[in-house]
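I have kept to what can be read from the coordinates and their confidence scores.

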Amino acid sequence: FFFSSSPKRFRAAAGASLSMARCFRLLAGIAAATAPALAEPTPLHCCFASAGNPLLLSCEAEAGSVVSDIPFAVKVSGTPVPPWNPRSRHPVCGDDAAPAGASVTADLADQFRKDCVGKASCVVGVPSPFGGSEEVLVRWTCAHDAAPRTAAAAVLPALPLRVQNATIVDATGARFRLQGVNWAGAHIIGVPSGLDRAPLDDLAQLVKRLDFNVVRLPYSVDLVLRNPVVDDILVAANPKLRGLKALEVMDQVVDALARAGVLVWPDVHMLESDWCCEHTDCNGLWFNEAYSMDQWLEALKIVATRYANVPAVAGMGLKNELRAVCGGQSWGSGPYCDVTFFDPTATADACVGPAWNTGPEYL
């Protein structure tokens with residue numbers, strides 16, 4: 001807007017400005033309609049395993065896809081560590097190099113190409129000297145990687161599910177048997193494990209191909225309340241997930257599973273982000289010294305609200321493995337669990353468990 005002492009001139013200038021704004025919006029719309037759509041970054045396929053163990057190379061996301069090339073396959077000295085210890089050396093999918101401190105002892109690419117190119121899946125491996133500490137690092141490509149997805153989304157069951165007497169039934173009243181698998185990781189590192197080595201769609205389609213119809217996705221109260229940006233290394237095989245927050249990655253996982261025809265069951269696995277489960281981890285109840293009951297409820301509310309209108313999210317786990325809490329160091333060397341927080345009268349090494357105020361003893 002151009003300001004003027006004359007109201008007429010102000011209105012005229014304002015009208016001209018609005019017309020120009022509409023013109024710019026029209027031009028922007030034309031440009032958006034005619035510009036080619038940006039292709040998603042190509043996902044990566046990697047496998048890292050100790051020498052002497054078999055490695056499965058497969059292409060799962062599209063029916064009929066095959067291994068098209070193996071640009072990187074080496075044997076290295078030393079044993080790289082898993083990605084949940086970011087302070088230590090470990091291989092990174094797409095780096096196509098030995099991790100810091102390790103050295104390449106053999107190039108295996110030609111050998112693996114002969115065994116795998118043109119196949120939907122193959123198993124490869126190399127011997128390891130007895131007592132040796134060597135790792136095999138492989139990256140391969142699949143014929144479908146650069147092409148847009150052609151498979152139609154699978155059909156989910158008639159939802160919502162409900163309980164009828166002692167039976168789970170779908171919306172039509174037909175019995176529905178849950179055949180589930182646990183996809184752990186988010187309650188420890190912030191994302192489901194495997195996204196650092198395999199494309200998300202491949203993992204979702206593999207779950208379906210193995211005849212599972214529901215996936216439990218464990219998470220922690222800590223993760224939901226903080227919702228941090230995930231470390232790139234944890235999603236190295238899925239460039240489109242880089243820079244996303246933890247719950248945004250969970251959204252993508254839920255979406256991929258839904259397209260594969262798999263239901264999802266988010267589960268409060270831990271209060272704190274850590275391994276589960278141990279009596280001395282101080283996570284046996286729905287609250288502890290670090291996270292209150294209100295924060296547990298808030299995390300549940302956040303997840304429930306986020307997926308209230310997502311049909312594939314068929315249920316929720318309120319708290320994993322309720323158990324007694326015992327005084328001591330978590331896993332023998334972790335943080336100390338002070339059991340007197342739960343019961344001031346307890347001794348330092350005692351255990352405190354939940355109990356019903358009223359009701360039959362067997363409950």
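1. The buried residues of H7 are covered by elements that include S10, H5 and S11. In this predicted model, the residues of H7 that are buried are Trp296, Ala299, Leu300 and Val303. Viewed along the helix axis, these buried residues fall within an arc of 95°, so they line one face of H7. On the other side of the helix, Asp294, Lys301 and Thr305 are exposed.

2. The buried residues of H6 are Ala246, Leu247, Val249, Met250, Val253, Val254, Ala256, Leu257 and Ala258, and they pack against H4, S10, H5, S11 and H7. After H6 comes Gly261, with a positive phi near 85°.

3. The largest nonpolar core has 41 residues, of which Trp183, Val191, Leu195, Leu217, Tyr219, Val253 and Leu257 touch the most other members. Two or more residues come from each of helix H3 (186–189), helix H4 (200–209), strand S10 (214–220), helix H5 (221–226), helix H6 (246–259), strand S11 (263–270) and helix H7 (293–306). H6 gives the most to this core, namely eight residues. Apart from this core lies another one, of 20 residues, among them Cys47, Ala49, Val124 and Cys142.

4. Val191 deserves a separate entry. Once its neighbours within four places in sequence are left aside, Val191 is in contact with Gly185, Ala186, Val230, Leu234, Val235 and Val249.

5. Where does Asn283 sit, and is Asn283 buried or exposed? Asn283 is placed in the loop between S11 and H7, and its relative accessible area of 1% is under the 20% cut-off, so Asn283 counts as buried. A polar atom of the Asn283 side chain lies 3.0 Å from the backbone nitrogen of Glu272. If residues up to four places away in sequence are not counted, Asn283 touches Met270, Leu271, Glu272, Asn288, Lys319 and Arg323.

6. For the chain as a whole, the model contains seven helices and 15 strands, and 39% of the 363 residues count as buried. Among contacts between residues at least 6 apart in sequence, 74% join residues at least 24 apart.

7. On confidence, the protein chain averages a pLDDT of 86, and 83% of the residues score at least 70. Over residues 1–21, however, the pLDDT is below 50, and this stretch has nine contacts in the model beyond near neighbours in sequence. The pLDDT is also below 50 over residues 23–28, a stretch with zero contacts in the model beyond near neighbours in sequence. Where pLDDT is low, the predicted coordinates should not be read in detail.

Terms used: Residues numbered from 1 in each chain as written. Predicted model: local features only at pLDDT ≥ 70, side-chain atom pairs only at ≥ 80, totals over all residues. Heavy atoms only, no water. Core = buried A, V, L, I, M, F, W, Y, C linked by side-chain atoms within 4.5 Å. Buried < 20%, exposed > 50% of the residue type's maximum accessible area, 1.4 Å probe, protein only. Helix = DSSP H or I, 4+ residues; strand = E, 2+ residues; numbered from the N terminus. Contact = heavy atoms within 4.5 Å. Arc of directions from axis to C-beta. Polar contact = N/O pair within 3.5 Å; in protein donor to acceptor, adjacent residues only side chain to side chain. pLDDT = per-residue confidence, 0-100.
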